[in-house]
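Thanks for asking me to look this over. Here are my notes, as numbered points.

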Amino acid sequence: MGEESSPCVNSTCCTTIGSSVIPTINRLQDILTPVSGELSKISLPQVAVVGSQSSGKSSVLEALVGRDFLPRGCDICTRRPLALMLENRPRKPDDDGKEWAEFRHLPGKRFYDFTKVRREILAETDREAGRNKGVSENQIGLKISSPNVLNMTLIDLPGITKVPVGDQPTDIETRIRKMIMDYIRQENCIILAVSPANSDLATSDALQMARDVDPTGTRTIGVITKLDIMDRGTNGCNFLLGKVVPLRLGYVGVVNRCQEDINKNRSIRDALAYEEQFFCDHPEYNGLSDRCGIPQLAKKLNQILEQHVRIVLPSLKAELNSRLTAVAKELQKYGQVVESKAEQEAILLSILARYCEAFSTMVDGKSQEMSTKELSGGARIHYIFQSIFVKTLEEVDPCQDLSDEDIWMAIQNATGLRNALFVPEVPFEVLVRKQIALLLDPCLQCLRFVYDELIKMSRACEVTEFQRFPILRRRLDDVMGKFLRDGVRPAGENDRKSY
Ligand code: GDP
Ligand code: MG
């Protein structure tokens, strides 16, 4: 980038947009960032330039940003909306502070030379809108990353034209108006209504459109360009004083670079010096110094931005306070810092005791947080035994697969040569053992249900300190799991499944 890339293009260091607000916002962000990532992003309003073709919109925007990169000229140059996202890059020790530009359609490619940026804007415009004056509402996204800018978005828009030329469709005026409206309709958009001083302000398209979307004039600033090429014998004082079209936030008159300056690559710094000289040389503007020059326009915008920050501050503060309360509450939960081993042991014991207590409370049904939706704890175990288990036991048929013939056969086999008078013991045992095996599955099901419930209870046991000692919580879960599994094992020993 050339020397004009410096954001401080004159001695007052306030010519570029946001320059006076940057220190405040940076300080705010320094305060907010450690508390919250998202909060620290203070969203600022967008700024869009509106006006008829060749009124000087791109020139104004460029001077405000303090960098040379937009295509300008007497023909239709801006043929697609350009969203210029300024991104503040916090300065890090290893950062050389260089600024770069990156296009949305070329992610990852950094442009350090802003002449190339302009070339790419032109090429990308041609790609989408053709080479013959075509217009497209498809936005070009351009990001400038720098430690010297505010996080905000500026929009350069095509100018309003009336007569279609080149490849432009017959309804070009309606299309462009709609395109502009889509941007300036948004409530957070500051409108720079640009009108050239060498035509009548009463016929200004920019002011008319701005009034449509901002009837109270709370977000419209009038910008009068080309004060240097007015008809001899006239001046822009009446415009600037709001005598022709009154405007709540008023007007600022500027002198941008003329076509010859552009052709000769005159820098922004020189252009600003020329502008300053112009207003000095024209005594009619002497009394209006607060309404003349790019630095004044930047100042006005900065005041609006400051006002915006002032408006968002209370809500930021409220948000901060509520977070502070939440964090303090969380901190309280963690309890006192304990250093000595004895104290640590005492705490551990108390946690374990409370855990056991919480477990017994659940078993006894004395818990404070009793569910009304489902059975839990001791009640559920009671239900498993009393309802599920008993019911499945009752469903078992004791004589399943056992016919009278089987019994007779067993008795006969047990008596051998003798006649049977009583039912002998051995066949009884053989037969009963077979039938008792039928009870195995209901018993194992009951075991599984009780085990599951106990595990659930152990996980549900909450002691406030667990938030402070998450590893202890996990260890306790492990130990409880093992303890319960150890209890299950002998009970399920006959089982083929393993618990
Ligand atoms: P846009 O179409 O509204 O974006 O206008 P540009 O910024 O492209 O400017 C259109 C033409 O007007 C260019 O040739 C500029 O050099 C010229 N121009 C813009 N502002 C001024 C100004 O204040 N004084 C003079 N003499 N020429 C200007
Ligand atoms: Mg333009």
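The points below go through the sheet, a helix, the ligand and a few single residues.

1. A word on the ground rules. This is a predicted model, in which local features need pLDDT of at least 70 and side-chain atom pairs count only at pLDDT 80 or more, while totals for chains, interfaces and linings use all residues. Residues are numbered from 1 along each chain as its sequence is written, chains are lettered from A and ligands numbered from 1 in the order in which they are written, and side-chain values use heavy atoms, with hydrogens and water left out.

2. Let us start with the sheet. It is open and mixed, with eight strands in the order β3-β4-β2-β5-β1-β6-β7-β8. Strands here are DSSP runs of E of at least two residues, helices are runs of H or I of at least four, and both are numbered from the N terminus; two strands pair if DSSP finds at least two bridges between them. At the edges stand β3 (100-103) and β8 (251-253); each has a single partner strand, so one side of each is left without a neighbour in the sheet. From one strand to the next, the twist averages 20 degrees.

3. Within that sheet, β1 (residues 46-51) and β6 (residues 189-196) are parallel partners over six bridges. Glutamine 46 has cysteine 189 of β6 as its bridge partner. Helix α9 (residues 294-333) packs on the sheet, where it touches β1, β5 (152-156), β6, β7 (220-225) and β8; contact means heavy atoms within 4.5 Å. The directions of α9 and β7 make about 175 degrees, with axes fitted to C-alpha atoms (for helices over the stretch in contact) and angles running from 0 to 180 degrees between N-to-C directions.

4. How far apart are the end C-alpha atoms of helix α10 (residues 341-364)? They are 34 Å apart, which agrees with the 34 Å that its 24 residues should span at 1.5 Å a residue; the expected span is 1.5 Å times one less than the number of residues. The buried residues of α10 are Ile351, Tyr355, Phe359 and Met362, where buried means under 20% relative accessible area, exposed over 50% and partly exposed in between (1.4 Å probe, protein chains only). These buried residues pack against α11 (377-395), α14 (440-460) and α15 (470-491).

5. Which residues are closest to ligand 1? Of the 20 residues that surround it, the closest are Lys57, Ser59, Asn256, Arg257 and Gln259; a residue counts if one of its heavy atoms lies within 4 Å. Polar side-chain atoms lie 2.7 Å from a ligand oxygen atom for lysine 57 and 2.3 Å for glutamine 259. Asparagine 256 places a backbone N or O atom 2.7 Å from an oxygen atom of ligand 1. The cut-off for a polar contact is a pair of N or O atoms within 3.5 Å.

6. Most residues other than glycine have a negative phi. Asparagine 265, in the loop between α7 (259-263) and α8 (268-281), has a positive phi near 60 degrees and is exposed, with a relative accessible area of 64%. Aspartate 401, in the loop between α11 and α12 (404-415), has a positive phi of about 55 degrees and is exposed at 62%.

Notes:
A polar contact is a pair of N or O atoms within 3.5 Å; within protein, one must be able to donate a hydrogen and the other to accept it, and residues adjacent in sequence count only if both atoms are side-chain atoms.
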